[in-house]
Every structure is written in structure tokens, then in C-alpha cells.
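Please look over the sequence and the structure before reading on.

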Amino acid sequence: VPADPVLAARGLSARYGEVQALAPLDFVVGPGELVAVLGPNGAGKSTLLRAILGLVATGGEVSFMGSSLPRRNPAAVANRGVVLVPEGRGIFGPMTVAENLELGSWRLGRDARERQRRMGRVFELFPRLKERLGQAAGSMSGGEQQMLAIGRALMADPKILLLDEPSLGLAPRVMEEILETLGVLNRAGLPVVLVEQRAPSALKLAHRAYLLSLGRLAAVIDPREVQSHDQLAQYYFA
Ligand code: ATP
């Protein structure tokens with residue numbers, strides 16, 4: 001566990017009304033780390049992301065780069081550079097690829113130069129988006145839409161990127177391509193929190209993994225110590 005984390009949640013819990021969906025846990029991301037959040041359906045992975053972002057009722061405290069992250073104030077959280085790529089991608093289907101990307105950088109206002117610089121960076125990572133700038137986002141393949149969702153998040157110039165199951169519904173080859181790109185971003189220094197059900201793929205990239213089960217932290221895993229599927233299954237069914 002990193003001594004000097006960029007993101008640190010202490011005793012973080014979440015509830016929906018009266019229902020406690022996440023029992024208190026500590027969660028940290030160190031500088032340049034890619035941290036995976038694993039667990040079966042309904043384990044609380046999405047809820048953990050929402051709790052970090054302050055989108056649900058939470059207990060405990062979340063700090064980012066040394067000061068506390070506001071609760072129930074998504075705009076302020078985004079201003080701090082904490083950016084989510086939501087499950088189901090959240091792109092605007094009828095709008096073009098270019099328009100979706102521009103939306104990601106709306107905080108820039110009229111700074112066209114900086115917007116172009118960020119777009120250039122997105123096209124380096126995802127050349128296919130450049131070829132499809134004028135196309136309606138909803139008419140692209142699932143993999144391309146996921147690239148667009150990540151590209152749009154990058155247009156906000158994140159200091160940390162949170163992704164909720166980017167592989168959902170994608171063919172294995174497309175999924176690997178997307179995860180590889182996350183690895184590239186991470187190796188360039190961007191901290192990443194990656195929620196995934198497909199544990200083996202996520203563990204290949206992750207520096208650390210948190211395993212959730214039934215709304216609780218079941219284990220913190222060092223990927224280098226997971227040698228086999230069997231061993232991973234033991235964590236899941238412990
Ligand atoms: P999945 O992979 O299916 O999205 P998950 O691990 O992300 O699973 P969560 O979506 O965080 O799980 O859900 C955790 C628990 O909280 C589940 O029991 C779910 O039914 C419940 N839950 C999620 N959202 C709400 C909500 N808005 N209101 C009430 N309960 C909710």
C-alpha cells in the first residue's frame with residue numbers, strides 16, 4: 001500500500017436510503033498506480049466508484065491530492081480532475097464523435113488551442129476516432145463507443161481516471177485492445193481505477209486489486225501473487 005497516495009478513502013461507506021450497499025472500507029491509489037476493483041455482480045463495485053465521487057450518501061472521508069473531495073457536488077469533483085467513464089459509456093448517440101469529444105472539454109470554454117492539443121492526444125491513442133469524427137456516435141461499434149467514452153473523459157484532462165466495466169459487452173479482442181490503451185495511459189503516469197468483472201485481464205495491468213463481495217471488502221490482492229485461476233477463485237469464494 002503506497003505511503004503517499006493521490007486518492008485516499010478512509011472508512012468509506014455508502015447507502016441507498018436505508019440500505020447499506022457498501023460497508024466501511026479503506027481504499028487508496030498511489031501516484032501512477034492502476035488499481036483494479038473486482039467482484040461478482042452486485043458486489044458493490046459501481047457503488048464504490050459513486051461513493052468516491054460523492055454521488056451517493058456516504059460515510060467516511062475521501063481525499064484527493066491532499067485535500068478532501070466534496071460530496072454531492074459532481075462539478076466540483078470533476079474540477080479537481082477526478083473523471084469517470086461510466087458503465088454503459090454515457091455517450092450521446094445522435095451527436096457526432098467530434099461533438100461528444102468537445103463535450104468532454106466544456107470546462108475549457110473558448111480555449112481552442114488547448115482543445116486541439118487534447119484532441120490530438122486522443123487521436124494518438126485512438127486513431128479510429130479521428131477517422132470517424134463526423135459520424136453519429138451511436139452508429140459506431142461497441143468497442144469504438146467505449147474508445148469514445150474514454151476519449152471524452154481524456155478531453156477533461158483528468159488527474160485520475162475511474163472506469164466502470166469498460167469491457168462490458170465487448171468481444172475479447174476488442175476488450176484487450178481497450179485495456180492495453182489503459183495500460184499505455186497509466187504507464188504515462190495517469191492513476192487509474194478500473195472496475196472489472198473479468199478479473200484475469202484486469203490483474204495483468206493492475207498494481208493492486210480490491211476484491212469486493214456482497215458490499216464488503218473481501219481482499220486486497222497483489223497481482224504478482226496470483227499464480228492461477230484456482231487461486232483467484234479461492235478469493236472469490238472465500
Ligand atoms: P454490477 O457489476 O452488476 O454493476 P456492482 O458490483 O457494480 O455490480 P453495484 O451496482 O454497486 O454492484 O450494486 C451494489 C448493491 O447496491 C446491489 O445490491 C444493488 O442492487 C444495490 N443498488 C445499486 N444501485 C442502487 C440504487 N440506486 N438504489 C438501491 N440499491 C441500489
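A residue is called buried under 20% relative accessible area, exposed over 50% and partly exposed in between, with a 1.4 Å probe and protein chains only; by this criterion, buried residues make up 50% of the 238 residues in the chain. The model is predicted, so that local features need pLDDT of at least 70 and side-chain atom pairs count only at pLDDT 80 or more, while totals for chains, interfaces and linings use all residues. Residues are numbered from 1 along each chain as its sequence is written, and side-chain values use heavy atoms, with hydrogens and water left out.

**Overall fold**

- The chain holds 9 helices and 10 strands, where helices (H or I, at least four residues) and strands (E, at least two) are DSSP runs numbered from the N terminus.
- The chain is as compact as a globular protein of its length, because its radius of gyration of 17 Å is close to the 18 Å that the globule rule gives for 238 residues; the radius is taken over C-alpha atoms, and the rule is 2.2 Å times the number of residues to the power 0.38.
- Along the principal axes, the C-alpha atoms fill a box of roughly 50 × 40 × 35 Å.
- Taking contact to mean heavy atoms within 4.5 Å, 67% of the contacts between residues at least 6 apart in sequence join residues at least 24 apart.
- The accessible surface of the chain comes to about 11,300 Å², of which 52% belongs to carbon and sulfur atoms; such areas come from the Shrake-Rupley method with a 1.4 Å probe, and for residues only the protein chains shown count as cover.

**Ligand surroundings**

- There are 14 residues around the ligand, of which Asn41, Gly42, Lys45, Ser46 and Thr47 come nearest; a residue counts as near if one of its heavy atoms lies within 4 Å of the molecule or strand in question.
- By class, this shell has 4 nonpolar, 6 polar and 4 charged residues, with Ala, Val, Leu, Ile, Met, Phe, Trp, Tyr, Cys and Pro counted as nonpolar, Asp, Glu, Lys and Arg as charged, and the others, Gly among them, as polar.
- Helix H1 (residues 45-53) gives the most to the shell, with 4 residues.
- A backbone N or O atom of Gly42 lies 2.8 Å from an oxygen atom of the ligand, a polar backbone atom of Gly44 is 2.9 Å from a ligand oxygen, and an N or O atom in the side chain of Glu165 is likewise 2.9 Å from an oxygen atom of the ligand.
- The protein covers 59% of the 630 Å² of accessible area that the ligand has on its own.

**Two buried residues**

- Asn186, in helix H7 (residues 172-187), is buried at a relative accessible area of 5%.
- The side chain of Asn186 reaches the backbone oxygen of Leu190 at 2.9 Å, and a polar atom of that side chain lies 3.4 Å from the backbone oxygen of Glu33.

- Arg89 has a phi near 75° and sits in the loop between strand E6 (82-85) and helix H3 (97-104), where it is buried at 15% relative accessible area.
- Leu214 has a phi near 50° and lies in the loop between E9 and strand E10 (216-221); at 78% relative accessibility, Leu214 counts as exposed.

How values were computed:
Polar contact = N/O pair within 3.5 Å; in protein donor to acceptor, adjacent residues only side chain to side chain.
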